[in-house]
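Reader: Please take me through this model one element at a time. Give the cut-offs as the terms come up.

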Amino acid sequence: MSHIPSKDEILQWIADNPGLSAKRDIAKAFGIKGAARIDLKRVLRELEEEGHLEKRKKTYRDPDRLPPVSVLLVNGPDANGDLTAKPLEWQGEGEEPVVHMVLRNADPALGAGDRILARLTLIEHGPDYEGRLIRRIGHNPKRILGIYRAGSEGGRVVPIDKGSDLEWMVPPGATHGAKDGELVEAEQAGPKARMGLPKARVVTRLGDPSAPRAVSLIAIHQHGIPDDFPDEVIEEADKAKPVGLKGREDLRDLPFVTIDPSDARDHDDACYAHADEDPKNEGGHVLWVAIADVAHYVRPGSALDREARKRGNSTYFPDRVVPMLPDRLSGDLCSLHEGVPRPCIAVRMRLDAHGVKLGHSFHRGLMRSSASLAYEEVQEAMDGRPNDKSGPLLEEVIRPLYAAYDALKEARARRQPLDLDLPERKIVLSDEGEVLSVRFRDRLDAHKLIEEFMVLANVAAAETLIARKSPLLFRVHEEPPPEKMESLRDTASSAGFTLAKGQVIKTAHLNQLLNAAAGTDQAELINMSTLRSMTQAYYAPQNFGHFGLALANYAHFTSPIRRYSDLVVHRSLVAAHDWGDDGLTGEQIAELDSVAAHISETERRSMVAERDTTDRYLAAYLSERVGQEFEGRISGIARFGAFVRLDETGADGLVPMRNLGAEYFHYDREGATLMGADSGVVIQPGMRVTVKLAEAAPVTGGLMLELLSLDGEVVKHGPTGRGPRGRGRSAAGGPKRKLVRAKKKGDKVKKKLKRQRR
């Protein structure tokens, strides 16, 4: 009778012979023949069930070892310049090994993101492997983020994206050890099949999707936001040292203050104002704005610079920040902390009594913040409720800031920038990351003061660089296209308002419309419609002006800790003033077009990720209130239903066609309306509604609603009798002539709406 080896003997043999792991190879090695093969099969199955072995077709391997031929993701060179790769088939319990690529002269050049098939050899006395390229198998295959659902043969990934309902099949050998219900990141495996579900390979396990702090993690992975700094970047940041006075102006005696949210982690701008002592400028002001000198620490071409450019900007979530720069800089050396000397680039601006900027000058200096203040405590000090910190600063520091702001308000009123009233939501989380409340942020004069100071400093930076013919990145906001203005006119007309026609549109015209709607039931509709009619702002080396701010010259200068665009402007100022060797280089000037396009895209990426995260937090917050009624307003119309914005939280939910009522609704794309086939009722943006929360999905951020009342009228629900394409008899089941009468009634309503729009 053949000897059946122990489990340890089998595992050791497979480890020593990774290329000979089929059952027949094991049987041959131990001399197992005949009926004894049944016992060997039983032992192998037990090892598989215990997690010691993974079955791959007809072979077995140790999950704590990589197969001899494996699929890898190229990371790029390490700190020493050697090319490394990530194994995509690792399923072990320990730390994931690194594959060090050994390339031959004939091998093609490999870059970060390449997927390759490689032959692996375990490095002696270590967990890592050497890899030799067999072939490149693709670059950046499609990635999906979803919930893994285990099955008898592998499993499936259900995407979390609200816009996707296509599931992906995961073969047994490509699960990466994922457990049922886990949040995973997967990538397409092989060409798309002509029939059946597409195949995917799990590449990252992200844990419990219902965990409170998984919400922002989902957005980070879904949108590809880099959230880990490479070692060389951290190492470079850790070597940075505080800056002395050498070669800088001493601004430490000026009583600058920073004014930020109470929970701010960094402080990149400070301000100081006083009355202008020049008798020729009676009632005028001198305003200083000092910005952290990030350019001193982040040198062109450095590892810090490459990573900052790659990220483009910081991304802000309710529970975390994904910063553009490591914390050693963003939270320490480049943050204008109270009482600590910090390098800065400051602009000194002279204003007349009516807020007109008479002149300005830039200075590279060393400053020291006299206080780090929160918006609320500054406002309370001005309202007569100073605290121990703001009280001593009230007369000499805070009041002069408000005096300068009062003058700038006059200038703003003359300039007429677009004055949208769109309250900002604040999601308050517990220490565990659960939503405690959702409220709208207060808009204090302290907020507006800082915003106005920053706008003026940004204008000064653009004007200086234009005058010196220095390259820079402008913040561009082009005029809205005529077709969007025409749509806004139709919306305004249907709501009973007028937008000027037949002339070049200016922000002053839009403000007249916004002011007319202010305080009415249509205010939110008009504000949102005006916002949607705007083009999206972007960065460019060419100056096309800023329509929304009603400014001819505008650049971002005030936030270099969190925006790469501002760092570029700082470097241009350094070069223009000949302040040192850390200014904008010729190589960077040649790349300004590509940099502008890239950071415009990273900004949009962050905006979408932040919005998706807010939607998920709101869905989680409301998930315990399914079945409750809410007041809201129609915020949008689509062919598949109506969107409603809830008053209490500002959350947006969908009322699908089936939940609108007991009749068929016609979709009018041009008029952005839905019309009932039986009743002739027209549903359009701006209408007040009462809805019931039917479903809340925190993982996707989706809210499903049921319409209960429309402008105070109760909506009837019941069987519609509609077929799969929404066609068929009416809700009442009447004869065809009833549908004809309803159509005629609907035509009359349409004509009435068109007359109103004219």
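Reader: Which residues in helix 7 meet which residues in helix 15?
Author: This is a predicted model, in which local features need pLDDT of at least 70 and side-chain atom pairs count only at pLDDT 80 or more, while totals for chains, interfaces and linings use all residues. Residues are numbered from 1 along each chain as its sequence is written, and side-chain values use heavy atoms, with hydrogens and water left out. Helices (H or I, at least four residues) and strands (E, at least two) are DSSP runs numbered from the N terminus, and contact means heavy atoms within 4.5 Å. On the helix 7 side the residues are Asp305, Ala308 and Arg309, and they meet helix 15 at Tyr564, Leu567 and Arg571.

Reader: How are helix 7 and helix 15 set to each other?
Author: Axes are lines fitted to C-alpha atoms, for helices over the stretch in contact, and angles run from 0 to 180 degrees between N-to-C directions. The axes of helix 7 (residues 303–311) and helix 15 (residues 564–577) come within 9 Å and cross at roughly 130°. Angles under 35 degrees count as roughly parallel, over 145 as roughly antiparallel, 65 to 115 as roughly perpendicular and the rest as oblique. Helix 7 and helix 15 are therefore oblique.

Reader: How do the residues of the contact of helix 7 with helix 15 divide?
Author: Ala, Val, Leu, Ile, Met, Phe, Trp, Tyr, Cys and Pro count as nonpolar, Asp, Glu, Lys and Arg as charged, and the others, Gly among them, as polar. In these classes the contact of helix 7 with helix 15 has three nonpolar, no polar and three charged residues.

Reader: How are helix 12 and helix 14 set to each other?
Author: The axes of helix 12 (residues 482–494) and helix 14 (residues 523–533) cross at roughly 170° and come within 9 Å. The two helices are therefore roughly antiparallel.

Reader: How many nonpolar, polar and charged residues are in the contact of helix 12 with helix 14?
Author: Helix 12 makes this contact through Lys484, Met485, Leu488, Thr491 and Ala492, and helix 14 through Leu525, Ile526, Ser529, Thr530, Arg532 and Ser533. By class, these come to five nonpolar, four polar and two charged.

Reader: Is Val504 buried or exposed?
Author: Val504 lies in the loop between helix 12 and helix 13 (507–517). Its C-alpha atom is 9.8 Å from that of Glu479, 25 residues away along the chain. Buried means under 20% relative accessible area, exposed over 50%, partly exposed in between (1.4 Å probe, protein chains only). Val504 has 67% relative accessibility, so it counts as exposed.

Reader: Which strands and which helix do the buried residues of helix 4 pack against?
Author: Seven of the nine residues of helix 4 (residues 214–222) are buried. They are Ala214, Val215, Ser216, Leu217, Ile218, Ala219 and Ile220. Their packing partners are strand 8 (143–150), strand 11 (183–188), strand 12, strand 18 (321–322) and helix 17 (592–622).

Reader: Which residue in strand 10 stands opposite Val157?
Author: Strand 9 (residues 155–159) and strand 10 are antiparallel and share three bridges. In strand 10, the residue opposite Val157 is Trp168.

Reader: How many residues of strand 27 are buried?
Author: Strand 27 (residues 641–646) is joined to strand 26 (residues 629–638) by six bridges, and the two form a hairpin with two residues between them. Strand 27 is also joined to strand 28 (residues 652–656), by five bridges. Strand 27 is largely enclosed by the rest of the structure, because its buried residues number five of the six.

Reader: Which residue in strand 31 stands opposite Met675?
Author: An open antiparallel sheet of three strands has the order 29-30-31, and its edge strands are strand 29 (665–668) and strand 31 (682–683). Strand 30 (residues 673–676) pairs with strand 31 over two bridges. Opposite Met675 stands Val682.

Reader: What percentage of the residues of the chain count as buried?
Author: The chain has 18 helices and 34 strands. Of its 758 residues, the buried share is 48%.

Key. Two strands pair if DSSP finds at least two bridges between them.
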